[in-house]
Amino acid sequence: MSNSDQATLPGTESDILTLDTLENHLWAAADKLRGSIDSADYKNYIFGLLFLKRANDRFEEETEEVAEELGIPVKTARDDRDLHEEFWIPERARWDHIKAQETDVGAALNKALAAVEDENDAIADRVLTTVDFNDKERLPDSLLSDLVSHFSKHRYRNEDLEDPDIFGRAYEYLIREFADDAGKKGGEFYTPREVVRLIVKCVNPEPGHRVYDPCCGSGGMLIYSAEHIREQGGDMTDISLYGQEKNLNTWAIGQMNVLLHELYDAKIEKGDTITDPKRVTKHDELEVFDRVIANPMWNQKEWNKDWVQDNEPYNRFPYGLPPSNRGDWAWIQLMIASLNETGKAGVVMDNGALFRSRSEWKIRKPLIEDDLLESVITLPEKLFYNTNSPGCVLIFNKDKPESRQGKVQFIFGEQKHLQTSGIQIYDDESTQNVLTEEGVEYLAETYMSGREEEHHSRFVDISEIEENNWNLNISRYVDTTTPSEEIDIHEKLQNLKQIEEDRIAATEEMYESLERLNR
């Protein structure tokens, strides 16, 4: 074999996958489905194929490693299930078998995904079989064969990746791009990564902590909690992750997401957390956690208030129930109820939750009086895919430090630039605003350090909030107006004097020119 032939083989140094190459390759696969599948749905098909190909390539990589280590034939290592620690891929699910199919490709893919589920406890319970590839009207054999060929262009072994972690990052990229493509529907499964990072930095999970997201979507908040541990010098596995998600397809995406990030111990349950909470003890008591983080659906209609009134078994809503067509303060109470005695929660909410009256006021008032609310961080508008409305991050703490007791910290993060520090909080990119990296860091540091800053952040005594009738609208506590520049009167007068002198000189020059013309 010539050197030039060797250089083109998958897995050789010249064919190592960078993040950009991998992202472009995966998005090109999605492009093949445009026009055949609705943009809000084709992510499910791409994620299934992506996971199957990745699992196959890791299976083959592990097979060769085991064969070399034990000095046994590759076929023996491949067929001995006990030798495989990650995923066991049965014959009908192996990529060579799938590539060989010329007809009924969709049926073959369905069987392959079902077989992987059947043989692997970590991905059982319909993680991979939430969609049907055997729909020849929308997914003819020619289209599926083209997709299989496209995924065959690159190997997804760890040795083929610039960094094994880029596979998880590429998966996050796809989730973000699918959310952008799906428009408002994208907000159902994706919270902008910058907002996720802000919340996680504020609640600051530590090694050994148990972290819970009761409406986890595609799992981004849980995954970044593990990455946060790594950023602090720990290991991503030094944290226990738990979640629940109602939407079946979104739950499957979340399961695949944590697995592709190699967080094999993460536990994501499916079901409605309000009517069927899964995180309960064997004694049928609500489990509690060190950190609870979430971005629930804002102003959720039909959040099952009637069911809660008649059936609630865990006393999760001690402050009362919000309106049946707006579940924000139900989710907040559910999260607080899931905290242990020293726990902290971070939640993204619509700004309306800060000041709406009547039944929401009746919940907000005693919750603030009990000194559970630690911080309100308002966010710019147009950050989220399913609404242009500005949101806010609320931090609740069952173990406030003494210096913060009896107070709430208000942080105004809606302005593009901070006047005093020059920090840029967000970029306005086409139809979406995006928090900048320095903006995320500054907002998080303002909360963590307890910094107070004019026109940006301030600690407010609960007595002052009471004077404002328990309204948490930030403009009542922080001067959110743009500070005017100081005017130097002497400088302005000098400028005016110079302008007048220039005017006189120009007028004299004009008259002199006219006189010359009349001679």
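Figure 1. The chain holds 17 helices and 11 strands, where helices (H or I, at least four residues) and strands (E, at least two) are DSSP runs numbered from the N terminus. This is a predicted model, in which local features need pLDDT of at least 70 and side-chain atom pairs count only at pLDDT 80 or more, while totals for chains, interfaces and linings use all residues. Residues are numbered from 1 along each chain as its sequence is written, and side-chain values use heavy atoms, with hydrogens and water left out. Along its principal axes, the C-alpha trace spans about 100 × 80 × 45 Å. Of the 519 residues, 52% are buried; buried means under 20% relative accessible area, exposed means over 50%, and partly exposed lies in between (1.4 Å probe, protein chains only). The accessible surface comes to about 24500 Å², and carbon and sulfur atoms account for 43% of that surface. Accessible areas come from the Shrake-Rupley method with a 1.4 Å probe, and for residues only the protein chains shown count as cover. Looking at contacts between residues at least 6 apart in sequence, 72% join residues at least 24 apart; contact means heavy atoms within 4.5 Å.

**Figure 2. Helix H7 and its packing partners.** Helix H7 covers residues 141-151, and its buried residues are Asp141, Leu143, Leu144, Leu147, Val148, His150 and Phe151. Which helices do the buried residues of H7 pack against? They pack against H2 (19-31), H3 (42-70), H5 (95-99) and H6 (105-119).

Figure 3. With a relative accessible area of 3%, Lys53 counts as buried. Its side chain reaches the backbone oxygen of His154 at 2.8 Å. A polar contact, for reference, is a pair of N or O atoms within 3.5 Å; within protein, one must be able to donate a hydrogen and the other to accept it, and residues adjacent in sequence count only if both atoms are side-chain atoms. Leaving aside neighbours within four places in sequence, Lys53 is in contact with Trp95, Phe151, Ser152, His154, Arg155 and Tyr156.

Figure 4. The structure holds 36 salt bridges, each being a side-chain nitrogen of Lys or Arg within 4 Å of a carboxyl oxygen of Asp or Glu. One of them joins the side chains of Asp160 and Arg155 (3.0 Å, N to O). Are these two partners buried or partly exposed? Asp160 is buried, at 1% relative accessible area, whereas Arg155 is partly exposed, at 24%.

**Figure 5. Two further salt bridges.** Glu445 and Arg451 form a salt bridge whose closest N and O atoms are 3.5 Å apart. Glu445 is partly exposed, with a relative accessible area of 41%. Returning to the previous view, salt bridges that share partners join Glu64, Arg155, Arg157, Glu159 and Asp160 into one network. In the other pair, Glu374 meets Arg404, with 3.8 Å between the closest N and O atoms. This pair links distant parts of the chain, 30 residues apart: Glu374 sits in strand S6 (residues 373-378), and Arg404 in the loop between S7 and S8 (407-412). Glu374 is buried at 2% relative accessibility, and Arg404 is buried at 9%.

**Figure 6. Strand S5 between S4 and S7 in the pairing pattern.** 

Strand S5 (residues 339-350) pairs with S4 (residues 289-294) in the parallel sense over 5 bridges, and with S7 (residues 391-397) in the antiparallel sense over 7 bridges. Two strands count as paired if DSSP finds at least two bridges between them. Leu339 of S5 is the bridge partner of Phe289, and Ile395 of S7 is the bridge partner of Gly346. How many of the 12 residues of S5 are buried? The count is 10, so S5 is mostly covered.

**Figure 7. Strand S8 and its pairings with S6 and S11.** S6 and S8 run parallel and are joined by 4 bridges, with Gln409 of S8 as the bridge partner of Ser375. S8 also pairs with S11 (residues 457-461), this time in the antiparallel sense over 5 bridges. Here Arg458 of S11 is the bridge partner of Phe410. S8 is mostly covered, with 5 of its 6 residues buried.

**Figure 8. A nonpolar patch on the surface.** Ile489, Leu493, Leu496 and Ile499 form this patch, with about 430 Å² of accessible area together. Patches are made of residues with over 30% relative accessible area and no salt bridge; like charges are joined within 9 Å, and nonpolar side chains (Val, Leu, Ile, Met, Phe, Trp, Tyr) within 5 Å. Leu493 lies in helix H17 (residues 489-518).
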